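Hello,

Here is the structure to look over. My notes on what turned up in it follow below.

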Amino acid sequence: RLMRKNKKHANNGEMQQLRVWERILEEDEWADLWETLLELPEYSPELLRDKERLRFIVVILYFLGMRIHELATHQWNAFRKIRGAWWFFVKGKGDKLGKVPVNDALLSAVSRFRQHLGLPPFPQVEDDLPLIPSWRSEGGLGVRHINQLLKTLAVSAATKFESQPDKAEKLRKFSAHWLRHLSATMQDQAGVLFKHIQA
């Protein structure tokens with residue numbers, strides 16, 4: 001019975017791994033998604049505001065590998081500078097506190113978005129505003145809304161793969177969690193040790 005049970009768990013693990021692989025964007029798919037974002041219109045203050053917010057959502061999910069609910073619930077003071085280096089402190093599963101290093105590209109994106117919002121370029125300890133603002137309330141943008149913005153972007157990106165229907169269909173299934181998989185994959189390809197990616 002134990003052998004059969006272990007075999008069943010192994011098969012489930014393999015299927016789960018396969019599903020993860022299917023949700024990792026290829027280089028051309030990722031480039032297409034980013035290009036589609038950059039091509040979004042910005043001929044009015046409202047459109048520019050929406051575009052800058054979406055750009056920051058994509059960048060922060062890509063560089064930090066966060067879960068979408070973590071993005072929706074954290075505030076700017078999760079960014080902390082310690083001994084000359086910037087970190088992002090996040091409460092993950094089980095309310096376990098972790099910290100993720102912030103590289104120069106992400107720090108530049110933080111500064112860009114904050115200045116667009118009329119805030120100082122770098123977060124302070126007392127900065128308790130939501131990371132992703134809602135234009136309709138003082139609270140942050142919710143998980144469902146963030147995911148919908150990303151899905152709409154991906155559906156638009158899919159139209160560029162008319163000659164490759166498998167890639168178009170893949171992008172139409174996109175969700176925010178795919179950026180978490182992509183983040184881990186890119187870190188792995190860059191030579192970051194698995195134990196650090198996992199942590």
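Axes are lines fitted to C-alpha atoms, for helices over the stretch in contact, and angles run from 0 to 180 degrees between N-to-C directions. Helices (H or I, at least four residues) and strands (E, at least two) are DSSP runs numbered from the N terminus.

On the α3 side, the contact (heavy atoms within 4.5 Å) is made by Arg53, Leu54, Ile57, Val58 and Leu61. On the α6 side, Ile146, Leu149, Leu150 and Leu153 take part. By class, this contact of α3 with α6 has eight nonpolar, no polar and one charged residues. Here Ala, Val, Leu, Ile, Met, Phe, Trp, Tyr, Cys and Pro count as nonpolar, Asp, Glu, Lys and Arg as charged, and the others, Gly among them, as polar.

A second pair involves α6 and helix α7 (residues 165-172). Their axes come within 8 Å and cross at roughly 170°. α6 and α7 are therefore roughly antiparallel to each other. Ala154, Ala157 and Ala158 of α6 meet Ala168, Leu171 and Arg172 of α7. The classes in the contact of α6 with α7 are five nonpolar, no polar and one charged.

**Ground rules**

Residues are numbered from 1 along each chain as its sequence is written, and side-chain values use heavy atoms, with hydrogens and water left out. Since the model is predicted, local features need pLDDT of at least 70 and side-chain atom pairs count only at pLDDT 80 or more, while totals for chains, interfaces and linings use all residues.

**Pocket and cavity**

The second largest pocket holds about 240 Å³ of space. Its lining consists of Leu40, Pro41, Leu47, Asp50, Lys51, Arg53, Leu54, Gln148, Leu149, Thr152, Leu153 and Ser156. By class, the lining has six nonpolar, three polar and three charged residues.

On method: over the protein atoms alone, on a 1 Å grid, a cavity is a set of points where a 1.4 Å probe fits but cannot get out. A pocket is an open set with protein on both sides within 12 Å along at least five of seven lines, and lining residues have an atom within 4 Å of a point. Grid points are joined across faces, edges and corners, and a volume is the space filled by probe spheres set on the points.

The structure holds one cavity of 30 Å³ or more. The largest cavity has a volume of about 50 Å³. Glu52, Arg55, Phe56, Val59, Ala109, Arg112 and Phe113 line it. α3 and α5 (104-116) each supply at least two residues of that lining, and α3 gives the most, with four. The classes are four nonpolar, no polar and three charged.

Phe79 sits in strand β1 (residues 79-82). At 1% relative accessibility, Phe79 counts as buried (under 20% relative accessible area; exposed is over 50%, partly exposed in between; 1.4 Å probe, protein chains only). Leaving aside neighbours within four places in sequence, its contacts are Ile60, Trp86, Trp87, Phe88, Val102, Leu106, Val110, Pro123 and Leu131. Phe79 and Pro123 are 44 residues apart in sequence, yet 6.5 Å apart in space, C-alpha to C-alpha.

Thr36 lies in helix α2 (residues 27-38). With 7% relative accessibility, Thr36 is buried. Not counting residues up to four places away in sequence, Thr36 touches Leu153, Ser156, Ala157 and Lys160.

Ser134 is in the loop between α5 and α6. Its relative accessible area is 15%, so Ser134 is buried. Beyond four places in sequence, Ser134 touches Arg53, Gly139, Gly140 and Leu141.

**Overall**

The protein has nine helices and three strands, in the order α-α-α-α-β-β-β-α-α-α-α-α along the sequence. Of its 199 residues, 36% count as buried. Among contacts between residues at least 6 apart in sequence, 59% join residues at least 24 apart.

Best regards

Methods: Parallel < 35°, antiparallel > 145°, perpendicular 65-115°, else oblique.
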